[in-house]
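Thanks for opening this one up with me. Below are some numbered points to read alongside the structure, starting with a pair of packed helices.

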Amino acid sequence: MNLLDRAEEVRFQFKKDLFKVKIDIQSVENFRLRYLGKKGYIPALFREFTSLSVEDKHKCGKILNQIKKESENSIDTLKQRLNSIGIDEDFFDYTLPGKLPRLGHLHPVTQTMNEICSIFREMGFGIEFGPEVETDYYNFQALNFPKNHPARDMQDTFFIGDSILLRTHTSPIQIRAMEKQKPPIRILAPGRVYRNEAISARSFCTFHQVEGLYVDENVTFCELKGTLEIFAKRYFGKDVKLRFRPSYFPFTEPSAEVDISCFICGGSGCRVCKHTGWLEILGCGMVDPNVFISVGIDPEKYTGYAFGMGPDRIAMLKYGIDDIRLFFEGDIRFLNQF
Amino acid sequence: MIVNTKWLEKYIDIPYSPEELEEHLTYIGLESKIQKSPVDKIRGVIIAEVLDVSPHPNADRLSICKVSTGFDMQDVVCGAPNVAKGQKVPLALLGTVLPNGMELKPVKIRGINSEGMICAEDELGISSDHSGIMVLDEKAPLGMELSEYLSGEGTSIDIDLTPNRPDCTSHIGVAREISILTQGELKIPEIKFKESEESTEDYIDVEIENIDGCPRYAARVIKNVKIAPSPQWLINHLKSVGIRSINNIVDASSFVLMETGQPLHTFDYRKIEGKKIVVRNAEEGELVETLDGIKRALSKDILLICDAKHPVAIAGVMGLSNSEITPETKDILIESAYFSSTTIRNGSKYLGLSTEASYRFERGVDPEGIINAVNRITDIIIELAGGKVCKGIVDKYPKKISPAEVKVRFKRINRLIGIDIEKSWVKEIFEKLGCRILKSDDESVQVLSPTWRPDLEREADYIEEVIRIYGMHKIPSAKRLQIKPSNEVNSRYDLIEKLRSILCSYGYFEVFNNSLVSEKQTQFTFKPVKPVKLRNPLSLDMAYLRTSLIPGLINTARRNINRRNCDLQIFELGFIQYFDPDSETHAMEILKFSVLITGAIEDEHWGYQIRKSDVFILKGVIEDLTHRFGIESLKFEKCKNNYFRHLLGTNINGKEFCYLGQINQEYLQSEWSIEVPIYVLDANASVLLDQAKFEIRYKPLPIYPAIERDVSILLPEKIPIEEVNQKIIREGGELLREVKFYDLYYGKNVDNGLKSITFNLVFQVADRTLKDKEVDKRMLAIHEVLKNDLNAKLR
């Protein structure tokens, strides 16, 4: 069956040459002649075919015809391409639209979280996760939220059982990390959190947080300010200004809220910053000694800072999105923009 | 908490503009926002006097008013019932644009020309009151712009108080904070009233049954008061902080509440039976009617104020209607008490009722401010309503509330903040805050907190005060950070992000769906599970935690399809939860990722053909994905599930990993009204991440040529391709490097019950050039086996 082998070889060679053919009239014609012309390879195979036995003819005929058909089709395609380019060999319609590579999109909040995490990771923070279904102990008590304290009203909670709930912040991850690791501890805690608040353009029952914690000997408020300043300048641009003002969180003392100068108006006042020139972006403070005590870290020996921010809110500010629900609707025309 | 600058100035000189005050307060932790009055922006509304009112000839409800602005006189048609001769009123002149956008033009109303409008509060954007025109104080100067006139009433500032600062729930409290900033002196109002001969003790006795809930209770009786409307100054003061005037007695207690932060309650003394107040817990289910006219059932943890027979108030929350002050009230009983914050908070939560009083008790009032508050309200009542003050106060204080004594170490302050702070300055600030310095030396200072600052209990609380008053904005940022990279590396995050980015590289869009779903959606699972239910959901549609990511994806697909985005490739990565089958309370939490595709998987483009979604695209996704995580040769099995038309499942090392298939069209139609086919993949991300292996060993590239052959056969339709594949691999032996299935054809030229398939085989070995003969031998063997074992026909 040497003929079959040769036929396969011709087919193989044809496929290889096909890719090398230049798309101009002369080259295409030369290529056609080489394979299908009177003296071409394929008619030569057919000439040989005539001398085979009936049995062999039966075996080979189909294959040879198939090869001939394939080759003719390929050359037709080449000719069509030639026509579409035009008779004028130099004409090339460069205005035809390109074929865009089709890549997906990460959710804008994922992108924001990743950007935040990567800046803090460069500074040396590791990343920890924790469960969304939490206990009252990890979500509140260990974080110095006493039972029946008005501070609990700051975070409306979904309950599953008497002391089982959906975490209202990612701070329980900090407690879990401090139980597990010994200082120095530097972790980031990203994740989804839940608040039992009416759904509106400004609030959704689930959103995200990225929190950070650094515990070591001699961690100071100055260090916290320095760290957050680097973050803000890296994330919002090096001209951004920060404003720290005292606030209250049960798990830090002192506590502060941090505003950045509005990056839309540069601080002169606009609709986004409600004409204050400032945007509130994160909360922070020095870890409360009671929190250290609940995880068995000596508050006399160690100090620490913690901070937390909402990537949903930051993404909204950054991209000018005025309705948080868009993040959870999955409209691809929305997602396609990021 | 709203404060008014004019009111604050009673207690402290304010050298700041309202805007400066807003900023200064914010910087010391009282986040402030000036309440912009809509009137500020109005020009052309001026104060006028109504000179004359006559009925409109053609309309019963209208009147024609002659008004004077001092420099002009005009006729205005007015429909308000309360307009009267002699009133000072806001008059909108022609050409003025009101906050609601209305522009005043000369109009004829039922045949009479009207040249302006007398405004009601709602028309000026001040309130929603449209019951009548706004009537101003009779001393209001004619012709003055209303905005200018009202600015004399001070600026109201809304303070978003943090729960640790009960002391700032009053004007004096905020004034004290300002005094620290300005070094000014706090002016506390003097008490002037004189007591009569009759003793309060003869009129009232107080008995406290629950001394933990009520450590202190003080009462006084004032006889023969005259209930009347409040004077304008009091109405204006209360209005500036958002409180509606009721009568002189009730307003006096609101005023003292806003001044001192101490909630007071006034009872009609004649409705108190047995000259007695008893503070006790309610009985379970006890029914009372509160001042707002609502009947409420109480729990046994709620504290009640009772007379000898009946309850008269819910302690610290609201009085009851049976003892309310009415226009007929003659003698009054004043209550000033300290209730425990937990008790009041529980009661307020249980009843779903939050009041100015409960807001303050929950945070903790000043136990030593109680007597002063009684005296202050007495003074005001005597001034406004007359009456005789009974001698003395019945003051029951069975459980002393003592302020904390704390040692604050200077070293600790500096160590936590990171800069050295002057010791003398620290002591000065503590004194300014109202602390008593008991002892101090070079190392530390021993302080006793003021009774109005229950939040100052520990050293840390004092350090916070230091930094707060020093100014966080003045503390320098560390220029060189001491933080060093952590060696506790958790690679989970990187793996998750790798997974996300690979899915993204396939062209899929990441979506986020709500984790809270309806009960029905929790049933979409591959095996029955017990879903996690919320006790207090926002709505029934969001009463459970999701047990699968798929319903969320289908919902998102439906929303997109309805908006004519019909070609979708979307995925979500997130947690699902359900109860551990072995435990009723422990929720399992599993990291999943799911993919949904429908419609075309490519954008339309000239010169290219579009491919449609199908199951094999998802099969390819999971094969490639696992390959990238170092997991090879997945085995798929056919599975059954009512939500699916075709369903495949696969494991990794015996762990259930992934299902994929086409959703049952009837289900899509009936449950989601979706007509088009939808394909989904549901995978356990944890299994993938746990089993991932990234040990890549390089294989040398072949140096000897390969020989390619095709196997084209006709095969009975029902024989799976994988079976053919296995036979080819076995017969191809060590020479066969690769088998690729590349053509499947039914129909024309292929008999019924058969399919035409083609494999491409690549033969190659690492150490030599293969000979045709060797390959021929293998090909023959393959053909034989396919013919004999599978009944295949060569083409």
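1. **A helix pair in chain B.** Helices α10(B) and α12(B) cross in a right-handed way; a crossing is right-handed if the near helix is turned clockwise from the far one by less than a right angle, and left-handed if anticlockwise. The residues that make this contact are Arg412(B), Ile413(B), Leu416(B) and Ile417(B) on α10(B), with Glu459(B), Ile463(B), Val466(B) and Ile467(B) on α12(B). The axes of α10 (residues 410–417) and α12 (residues 459–470) of chain B come within 10 Å and cross at roughly 65 degrees. Contact here asks for C-beta atoms, placed from the backbone, within 7 Å of each other. Axes are lines fitted to C-alpha atoms, for helices over the stretch in contact, and the angle runs from 0 to 180 degrees between N-to-C directions.

2. **How to read the model.** Please keep in mind that this is a predicted model, in which local features need pLDDT of at least 70 and side-chain atom pairs count only at pLDDT 80 or more, while totals for chains, interfaces and linings use all residues. Residues are numbered from 1 along each chain as its sequence is written, and chains are lettered from A and ligands numbered from 1 in the order in which they are written. Helices (H or I, at least four residues) and strands (E, at least two) are DSSP runs, numbered from the N terminus.

3. **Domains.** Chain A is divided into domain 1 (2–85) and domain 2 (108–335), with bounds that come from an automatic or database domain assignment. Taken over C-alpha atoms, the centres of these two domains of chain A are 69 Å apart. Chain B has domain 1 (2–35 + 156–182), domain 2 (38–151), domain 3 (195–396), domain 4 (406–473), domain 5 (492–691) and domain 6 (707–794). Between the C-alpha centres of domain 1 and domain 6 of chain B there are 86 Å.

4. **A helix pair in chain A.** Helix α5 (residues 108–123) and helix α8 (residues 221–236) of chain A have axes that come within 10 Å and cross at roughly 135 degrees. The two helices are therefore oblique to each other, since angles under 35 degrees count as roughly parallel, over 145 as roughly antiparallel, 65 to 115 as roughly perpendicular and the rest as oblique. The crossing of α5(A) and α8(A) is right-handed. On α5(A), Glu115(A), Ile116(A), Ile119(A), Phe120(A) and Met123(A) meet Thr227(A), Phe231(A), Arg234(A) and Tyr235(A) of α8(A).

5. **Helix α9(B) and its surroundings.** At 1.5 Å a residue, the 16 residues of α9 (residues 370–385) of chain B should span 22 Å, and the end C-alpha atoms are 22 Å apart, which agrees; the expected span is 1.5 Å times one less than the number of residues. Its buried residues include Ile370(B), Val374(B), Ile377(B), Ile381(B) and Leu384(B). A residue is buried if 20 or more other C-beta atoms lie within 10 Å of its own, exposed if 12 or fewer, and partly exposed in between. The buried residues of α9(B) pack against β13 (216–223), α6 (248–260), β14 (264–268), β21 (332–338) and β22 (388–391) of chain B. Just after the helix, Gly386(B) has a positive phi of about 65 degrees.

6. **Lys226(B).** This residue sits in the loop between β13 and α5 (232–240) of chain B. With 13 C-beta neighbours inside 10 Å, Lys226(B) counts as partly exposed. Beyond neighbours within four places in sequence, Lys226(B) is in contact with Ala385(B) and Gly386(B).

7. Which residues of helix α2 (residues 18–27) of chain B are buried? They are Leu21(B), Glu22(B), Leu25(B), Thr26(B) and Tyr27(B). Their cover includes β6 (242–249) of chain A, along with α1 (5–8), β2 (31–34) and β10 (156–160) of chain B.

8. **Backbone spots to check.** Most residues other than glycine have a negative phi, and most peptide bonds are trans. The bond from Pro183(A) to Pro184(A) is cis, with omega near 0 degrees, and another cis bond joins Glu253(A) and Pro254(A), with omega about -5 degrees. Ser673(B) has a positive phi near 55 degrees; with 10 C-beta neighbours inside 10 Å, Ser673(B) counts as exposed.

Methods
Two residues are in contact if their C-beta atoms, placed from the backbone, lie within 7 Å.
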